[in-house]
Structure formats: structure tokens, C-alpha cells
Amino acid sequence: SLQVLLNQLTKGWIPPPVRDTNERYRVLLVHAHPLGEKSLSGAIANQVRRGLSDAGHEVVFYSLYDTRFEPRVSKDERGRYLGPTKDSPNLPRYPTPSADLTKPISELKKCNALVLVYPTWW
């Protein structure tokens with residue numbers, strides 16, 4: 001058969017199993033751009049959201065700029081990054097996430113897919 005021939009040609013590689021097309025996902029879609037929806041990445045994020053929704057998936061949208069997310073790690077956070085370890089038990093404990101991250105962390109834990117849309121600056 002064709003599949004046997006293809007497996008012989010690809011040295012035994014077997015294609016992944018066919019997925020159930022009725023499977024629905026809960027997707028966390030994270031967008032990051034200072035211009036939000038007025039940017040190219042905003043348009044891409046909207047298309048991704050629409051496509052996922054049209055396919056029957058639940059989409060949770062989160063905009064990092066709308067929430068004034070601070071991506072820089074503070075000196076205190078960096079000092080606590082590892083927290084106490086077996087080798088260094090006296091390190092300070094890592095701080096708890098700030099209130100602005102509580103909701104997205106909770107959403108991430110409930111989702112089974114993550115999509116990140118952001119520009120790559122060069």
C-alpha cells in the first residue's frame with residue numbers, strides 16, 4: 001500500500017494519528033502591541049480569534065497593553081527568582097504574582113491551548 005511504501009521511504013516514520021475534528025479547545029489568546037487593534041498584529045489577533053471561534057473553540061482574549069502589563073523584571077523579583085532551594089535555603093521567597101496577573105494566570109491554567117500574537121521588533 002501507499003502507506004507502507006511511504007513508511008519505507010521515510011525509514012519507518014509513522015504519521016501522527018488522525019485527530020477528532022469535533023474536539024473543542026479553550027484557548028488563551030494573548031496579544032501585545034502598543035497600538036492594539038490598530039496594528040498589523042492586532043488585525044492578526046482578531047483573525048485568529050474569529051477563526052478559532054468560528055471553528056467552535058472558546059477563546060479567552062487578553063491584551064497585555066490594555067492591562068498596562070509590566071514586562072521588566074524588577075531588581076527585587078530577580079533577587080528572589082530562584083527562591084529557597086536545597087542548595088541555598090536562605091534565598092528569599094519568590095514574590096506572589098501581582099493582582100494584574102492573577103486573572104491571566106487563572107485563565108492559563110483553565111486553557112488547553114495558548115496563542116501568542118506580538119510583533120518581532122528589528
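Predicted model: local features only at pLDDT ≥ 70, side-chain atom pairs only at ≥ 80, totals over all residues.
H33 is buried, with a relative accessible area of 9%; here buried means under 20% relative accessible area, exposed means over 50%, and partly exposed lies in between, with a 1.4 Å probe and protein chains only. Residues are numbered from 1 along each chain as its sequence is written, and side-chain values use heavy atoms, with hydrogens and water left out.

H33 sits in the loop between strand 1 and helix 2. Helices (H or I, at least four residues) and strands (E, at least two) are DSSP runs, numbered from the N terminus. A polar atom of the H33 side chain lies 2.9 Å from the backbone nitrogen of L35. Not counting residues up to four places away in sequence, H33 touches S39, S41, Y65, P119 and W121, where contact means heavy atoms within 4.5 Å.

The other histidine, H31, belongs to strand 1. H31 is buried too, with a relative accessible area of 2%. Its side chain and that of S41 are joined by a polar contact of 2.9 Å. A polar contact is a pair of N or O atoms within 3.5 Å; within protein, one must be able to donate a hydrogen and the other to accept it, and residues adjacent in sequence count only if both atoms are side-chain atoms. Leaving aside neighbours within four places in sequence, H31 is in contact with a list of residues that includes S41, G42, A45, F61 and V117.

## The chain and its sheet

Now for the wider view. The chain holds 4 helices and 3 strands, and read along the sequence they follow the pattern α-β-α-β-α-α-β. Of the 122 residues in the chain, 20% are buried. Among contacts with a separation of 6 or more, 63% are between residues 24 or more positions apart.

The strands form an open sheet of 3 with the order 2-1-3 and parallel pairing. Strand 2 (58–63) and strand 3 (113–117) stand at the edges, each with a single partner strand, so one side of each is left without a neighbour in the sheet. From one strand to the next, the twist averages 20°. Two strands pair if DSSP finds at least two bridges between them; strand 1 (residues 26–31) and strand 2 pair over 6 bridges in the parallel sense. In this pairing, L29 has F61 in strand 2 as its bridge partner.

## Helices on the sheet

Helix 2 (residues 40–54) lies across strand 1, strand 2 and strand 3, running at about 170° to strand 1. Helix 4 (residues 99–110) also packs on the sheet, touching strand 1, strand 2 and strand 3, and its direction makes about 140° with that of strand 1. For these angles, axes are lines fitted to C-alpha atoms, for helices over the stretch in contact, and angles run from 0 to 180 degrees between N-to-C directions.

Helix 2 has 15 residues and reaches 21 Å from its first C-alpha to its last, close to the 21 Å expected at 1.5 Å a residue; the expected span is 1.5 Å times one less than the number of residues. Which residues of helix 2 are buried? They are S41, G42, A45 and L52. They cover an arc of only 105° around the axis, which puts them on the same side of helix 2; the arc is that of the directions from the helix axis to the C-beta atoms. These buried residues pack against strand 1, strand 2 and strand 3. The face turned away from the buried side carries the exposed residues L40 and D54. After helix 2 comes G56, whose phi is positive, near 95°.

T67 lies in the loop between strand 2 and helix 3, and at 29% relative accessibility T67 counts as partly exposed.

| Side chain | Backbone oxygen | Distance |
|---|---|---|
| T67 | S63 | 3.4 Å |
| T67 | L64 | 3.0 Å |

R68 is in the loop between strand 2 and helix 3 (75–79). R68 is exposed, with a relative accessible area of 74%. Its phi is near 60°, a positive value in a residue other than glycine. Most residues other than glycine have a negative phi.
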